[in-house]
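The sequence and the model come first, and the description follows.

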Amino acid sequence: MSQIKNAQIRYRIIDRCIRNKYRPNPTKRDLREACEESLYGSSAGHNICDSTIEKDLFAMRMDHDAPIKYSKVTRGYYYDDENYSFDDIPLTSEDLNAIQFAAKTLMQFRDIDMFKQFGNAIDKIVDRVTIAENPLDEKIQEYVQFEKGINTTGNHFLSGLLEAIQNGKMVTFDYTSFITDKSKGRTVTPLLLKEYRNRWYLICHDEEKRKIITYALERMENVEITPHNGSVPKDFSPENFFEHTIGITTYDAVPEKVEFKANNIASKYIESQPFHSTQKVLKVGKNKTSFSLKVIITEELIREILSYGGEIEVVSPISLRDKIVDRVIDMINTYNL
């Protein structure tokens with residue numbers, strides 16, 4: 001990669017560090033380590049020196065009007081204009097060529113087992129880049145509408161949490177509950193990172209509760225990796241933890257056989273996008289198709305079924321059928337029918 005392209009990438013890494021509200025006023029060392037880690041996978045200082053970062057900061061000020069200021073109190077850098085972002089600067093032709101090259105590289109990996117779960121995301125990136133000569137041309141919006149993802153916070157914690165998992169270290173963070181809307185400090189041993197519906201979750205062993213808990217990254221703040229070794233439950237298996245569940249909810253329970261019927265239209269959608277890997281077609285009738293699953297009954301399963309309204313009828317188990325009936329009755333009462 002040319003030095004010019006390397007510099008452009010460093011500018012964006014520096015910009016991201018300066019705008020990180022969870023770690024404000026990064027020092028020169030912080031910026032150097034972030035750039036080297038992103039570009040070379042190491043922060044030892046063998047590839048990028050402090051003088052390179054100084055030149056980058058100068059170039060960002062002079063060439064891109066970046067309002068970078070230095071604080072003598074924190075010995076770190078900040079933006080004098082909080083609304084400034086390097087992302088607002090138009091990409092050059094070299095930037096576009098680099099993006100298109102990266103997209104083609106991603107396509108080479110999409111069928112490898114490790115990357116198969118990201119296949120849809122890779123397809124979206126490639127489609128956006130290859131659909132036109134200039135993927136940032138605003139006129140494309142007039143003819144092609146791409147699905148808009150939900151902007152969530154907390155994704156910048158991913159690399160740190162992964163590092164803690166790999167090294168078996170405890171992590172502390174402040175967590176705001178949806179129910180109480182209050183923040184409380186947590187000390188956990190991270191075990192697994194899981195994405196569900198464009199949101200990231202941390203499955204971990206909570207040291208205070210002494211059990212495995214799931215926390216949403218978007219409700220975390222002040223995440224810190226401690227030097228203390230964590231406590232990983234002996235029977236925890238990342239590969240099997242969500243084996244019998246739909247969504248992000250799971251607990252210690254025996255999976256049950258779920259049978260349901262769907263009308264002809266709904267059955268086509270359900271066959272093309274199965275609820276779970278254990279889904280099977282039991283019988284294809286004239287008006288309805290019967291399916292089966294072997295899963296733990298969770299809130300996500302109930303909501304998936306209810307999303308089809310009257311197009312699906314749960315046959316068994318009776319406990320699940322009763323829960324669906326109760327929800328339907330609640331809906332009727334809500335609408336005063």
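Which residue in β4 does Val171 stand opposite? The residue is Val188.

## Overview

The model is predicted. Its chain contains nine helices and eleven strands. Of the 337 residues in the chain, 33% are buried. When contacts between residues at least 6 apart in sequence are considered, 55% of them join residues at least 24 apart.

## The five-strand sheet

Five strands make an open sheet in the order β6-β5-β4-β3-β7, and their pairing is antiparallel. At the edges are β6 and β7, each of which pairs on one side only. From one strand to the next, the twist averages 45 degrees.

Inside this sheet, β3 and β4 run antiparallel and are joined by six bridges. Val171 and Val188 stand opposite each other there. Helix α6 packs on the sheet and touches β3, β4, β5 and β7. The direction of α6 makes about 90 degrees with that of β4.

## The nonpolar cores

The largest nonpolar core has 25 residues, of which Leu161, Phe173, Leu202, Tyr215, Leu217 and Met220 touch the most other members. At least two residues of this core come from each of α6 (158-167), β3 (169-176), β4 (183-196), β5 (199-206), β6 (211-216) and β7 (220-229). Another core, of 20 residues, lies apart from it and includes Ala7, Ile13, Cys17 and Ala59.

Phe173, from the largest core, is buried at 2% relative accessibility. Beyond its neighbours within four places in sequence, Phe173 contacts Lys184, Gly185, Arg186, Val188, Leu202, Tyr215, Met220, Glu221, Asn222 and Val223.

## Aromatic pairs

Ten aromatic pairs are found in the structure. In one of them, the ring centres of Tyr79 and Tyr84 are 5.0 Å apart and the planes meet at 75 degrees, so this pair is edge-to-face. Tyr79 is buried with a relative accessible area of 8%, and Tyr84 is buried with 12%.

Phe173 and Tyr215 also form an edge-to-face pair, with 5.5 Å from centre to centre and 75 degrees between the planes. Because Phe173 lies in strand β3 and Tyr215 in strand β6, the pair ties together parts that are 42 residues apart in sequence. Tyr215 is buried, at 3% relative accessibility. Elsewhere, one aromatic cluster is formed by Phe260, Phe275, Phe291 and Tyr308.

## The four-strand sheet

A further open sheet has four strands in the order β9-β10-β8-β11, with antiparallel pairing. Its edge strands, β9 (280-284) and β11 (312-316), each pair on one side only. The twist from one strand to the next averages 25 degrees.

Strand β8 (residues 256-263) and strand β10 (residues 288-295) run antiparallel and are joined by eight bridges. Lys257 has Lys294 of β10 opposite it. β10 also pairs with β9 in the antiparallel sense, over four bridges. These two strands form a hairpin with three residues between them, and Lys283 has Ser290 in β10 as its bridge partner. How many of the five residues of β9 are buried? The count is zero, and β9 is hardly covered.

Helix α7 (residues 264-272) lies across β8, β9, β10 and β11. Its direction is at about 130 degrees to β8. Helix α9 (residues 318-334) lies across β8 and β11, and runs at about 145 degrees to β11.

## Cysteines

How many disulfides does the count come to? Counting sulfur pairs within 2.5 Å, the result is zero disulfides. For Cys35, the closest cysteine sulfur is that of Cys17, and the 6.5 Å between the two sulfurs is too far for a bond. Cys17 is among the residues of the 20-residue core. Cys35 counts as buried, at 0% relative accessibility. Cys204 also counts as buried, at 0%.

Definitions and conventions:
Residues are numbered from 1 along each chain as its sequence is written. This is a predicted model: local features need pLDDT of at least 70, side-chain atom pairs count only at pLDDT 80 or more; totals for chains, interfaces and linings use all residues. Side-chain values use heavy atoms; hydrogens and water are left out. Buried means under 20% relative accessible area, exposed over 50%, partly exposed in between (1.4 Å probe, protein chains only). A nonpolar core is a set of buried Ala, Val, Leu, Ile, Met, Phe, Trp, Tyr and Cys residues joined through side-chain atoms within 4.5 Å. Contact means heavy atoms within 4.5 Å. Two strands pair if DSSP finds at least two bridges between them. Axes are lines fitted to C-alpha atoms, for helices over the stretch in contact, and angles run from 0 to 180 degrees between N-to-C directions. Rings of Phe, Tyr and Trp (its six-membered ring) pair if their centres lie within 6.5 Å; planes under 30 degrees apart count as stacked, over 60 as edge-to-face and the rest as tilted.
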